[in-house]
Amino acid sequence: MDKFFTVKYSTDDLLKRIQTPLKLFKNKKQVSKKFDFSDVFPTDPTIEDYKNQKMTVLCNHYLNALKYYKILELISEDTSSLSGRYHDHILNLCNIKKELSFFKIYDELIGRNHNIFLRFNTIKFYNSNLLNIFFKADKFIVDYLTKEKWTLTNNNLRHCVATGFIFRKNDVVQLNVSRNYNLNNYKGLYHFRDYKLSEFDYIHTDYLNQNNEGSHYTINWNNQLSDAYAVIYDSDLNYAQFDFDLNHDENVIKLKSANGHLRSYSFPVHHYLPKAMLPHEKKTEKDNLYFGIELEVGYQRSVSNRRKLHLDIEQKFLKGLAICKSDGSVSNGFEINTVPMTFDFIKTTDVFFNLFNDTKNSLRSYNMRSTGIHIHVSKKPLSTLQIGKMLEFVNSRKNRDFITELSGRNQNNYCEINDVLKTKSIHLKEYGTRGRENLSQDEYRAIDKMNDKYQAVNLQHDETVEFRIFKGNTKPQTISRYIEFVHGLVMFSKNISNQKLSYKDFIKYIGLNKNTYPFLNEFNEKFIGNLKKDELILKEEFTYSPRIIKQNRGKVIEIKKPRVFTEHFKKKKPRKIIKR
C-alpha cells in the first residue's frame with residue numbers, strides 16, 4: 001500500500017533523543033523554556049533562524065507534537081484509514097509531505113489556532129477506523145508520563161478529556177463529577193481515563209456554551225453523530241458539566257442569558273426556570289398553590305444603562321426567580337415576570353422587599369398610568385366551584401368599593417369588572433352550553449366576558465387564574481398586600497358558602513388569620529374605620545422574616561441559591577510568552 005510519507009525515526013527513537021528537554025521541563029516545573037535547536041529537535045536539520053540563538057519552547061505544544069508524531073507514525077503503517085477528506089484533516093494540518101518531521105509538527109501547532117486539537121474529536125467519529133490509532137497514541141503518551149511520575153499540574157498544564165491533548169491551565173475548566181458521564185466507556189470516547197494522571201477531569205473552554213457569542217464545539221459520542229452534547233459552564237462553582245446531566249440538579253438554571261436585552265412578551269418563564277418553593281414543601285402542583293407575579297415598571301431618570309439594570313434583575317437581584325420582558329402596554333418601561341412561587345416561599349425569602357432595596361433608585365411604577373400588577377394563581381389545586389366564587393367576589397357590585405380601594409385603581413379597559421359574572425357562570429365556561437338553548441341575556445354576556453382576557457379575573461389561561469385589578473407599585477408592602485389578598489381569597493372561597501361572598505365576611509376571615517395576612521389585615525382595619533388612614537399597625541420597615549423566624553422557633557430555613565450554567569465564561573489570559 002502506498003505511503004504518503006516516510007518515517008526515518010520511530011517515536012520510540014525520537015523519545016530517547018529528547019529525554020533531556022523533557023526532564024528539564026518536568027524538574028524545573030516550567031511551561032516554557034529556552035533551548036538550543038539541536039537539543040529539542042535532534043532529528044531535524046537546524047533551521048537557519050535558530051543557528052546563533054536559543055529558541056523558546058512551550059511544554060504543552062512539545063508534548064502534543066510528540067503525540068501527533070505518534071499518530072502519524074501509526075497512520076503511515078496503514079494509510080487505508082485516510083481515504084478522502086481524512087487525508088486533508090490529518091496530514092495537511094501539519095503540512096506533512098515526504099518525511100515525518102518533529103519540528104514541522106511542533107512549528108505548525110504553534111503557528112495555528114488551537115482548534116486544530118479540537119477537530120480531532122470530530123475526525124475520530126467520522127472515521128471509526130482511526131479510533132484504534134488514537135487509543136494507541138493516548139496510551140503511548142500517558143505511559144511515558146506515568147513512568148516518569150510527571151504531574152503536569154506542576155507545570156500549570158492540564159489534559160483535556162475530550163481531545164486527549166494538553167493545554168495550559170487557563171485554556172481548560174474542571175468538569176463536574178457527573179452521575180452519568182463516563183468518558184472511559186461511553187460510546188467509545190477514550191482519553192486519559194484508564195491512566196489517571198489527575199484527580200480531576202478537565203475540558204477545553206471552547207467546548208463551553210457561550211450563548212452564541214463566538215464559536216464553541218459540541219462532543220459527538222457515536223459513529224453516526226446522532227447525539228451531539230454541549231458542555232455548559234457553572235459560573236458560581238467554576239466548573240463545567242455536560243448538558244444531559246442537568247436534569248439531576250433541580251437547583252440549576254438552564255435559561256440562557258439575554259445579555260441585558262428584554263425578552264419577548266410571550267416568553268414562557270415557567271418553562272425555563274424551576275418553580276420556587278421551600279425545601280419541605282411538596283413538589284406536585286396539585287398540592288402546592290403557586291403564584292406568578294407580573295410587575296409592570298418604568299425607569300427612573302437616574303438609570304443610564306438600561307441593559308445593565310435588566311441584567312442585574314435577572315442574574316443578580318432575582319437570580320433564578322424572574323425575567324425581564326418587553327410590554328407594549330407600558331410606556332417607557334418593561335415587565336418583571338416571576339416564576340411560580342409558593343406563598344410561604346415569598347414570605348420566607350422577603351423576595352419583594354429585597355428587590356425594592358436593590359432597585360428603589362432605578363424603578364418606578366405607582367405614578368405611571370400604564371402600569372399594573374398581575375397575579376397568577378395555579379388552577380390545579382382549585383375546584384371549579386372555588387374559581388366561580390372568586391369570580392363573583394371580585395365582580396360583585398356590593399364589593400366594588402372594597403375592590404377599588406384595595407387594588408388602588410378603578411376598572412379600565414385592561415381590567416373590566418362586570419357584576420353579571422356569578423359563581424354559577426363558571427359552569428358555562430367549564431362545561432359549555434350544549435343542551436341550554438334558552439340562555440338568558442345575562443348568561444350570554446357572562447360567556448362573552450369570560451372569553452375576554454381583559455377582565456378583572458382572567459380565565460383564558462390553561463394553567464392559571466389571573467387577577468388583573470392591581471395598580472402598579474414597587475413598594476414591597478403594597479405588593480405583599482396584593483399577594484395576601486389573592487391567597488386569602490383562595491382560602492376564603494374554599495371554606496365559605498355562596499351566600500357569604502361579601503367583603504364584610506372576607507374581612508372577618510382575614511382578621512381571624514391576621515398573622516398570615518398582616519398587610520391585608522392592616523388595610524382592612526383602615527377600610528372599615530378601625531384605624532385612621534395615617535395610623536399604622538405595622539412599622540414601615542416591617543417584613544415577613546421576623547414573624548417567620550418566630551414561627552420556626554428561631555430556626556432559619558436554608559434555601560439553596562440557584563446556580564447558573566449559562567453565564568459567559570471569562571477566560572483568563574495566560575502570561576504572555578515572548579519567543580526570542
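Q: Which side chains meet Asp143 and Lys139 in a salt bridge, and how far apart are N and O?
A: Those two pair with each other: the side chains of Asp143 and Lys139 form a salt bridge, 2.8 Å from N to O. Keep in mind that this is a predicted model.

Q: How do I decide that a pair counts as a salt bridge?
A: Look for a side-chain nitrogen of Lys or Arg within 4 Å of a carboxyl oxygen of Asp or Glu. In this structure, 12 salt bridges turn up.

Q: Where do Asp143 and Lys139 lie?
A: Both sit in helix 8 (residues 131-147), four residues apart, which is about one turn of the helix.

Q: And what about Asp13, which residue forms a salt bridge with it?
A: That's Arg17, with the closest N and O atoms 3.4 Å apart. Arg17 and Asp13 are separated by about one helical turn because they are four residues apart in helix 1 (residues 11-17).

Q: How do I read burial for these residues, buried or exposed?
A: Under 20% relative accessible area is buried, over 50% is exposed, and partly exposed is in between. Asp143 has 31%, so it is partly exposed, and Lys139 is partly exposed too, at 36%.

Q: Glu466 and Arg468: buried or exposed?
A: Glu466 is buried, and so is Arg468. Their side chains meet in a salt bridge, at 3.2 Å from N to O.

Note on methods. Residues are numbered from 1 along each chain as its sequence is written. This is a predicted model: local features need pLDDT of at least 70, side-chain atom pairs count only at pLDDT 80 or more; totals for chains, interfaces and linings use all residues. Side-chain values use heavy atoms; hydrogens and water are left out. Helices (H or I, at least four residues) and strands (E, at least two) are DSSP runs, numbered from the N terminus. Buried means under 20% relative accessible area, exposed over 50%, partly exposed in between (1.4 Å probe, protein chains only).
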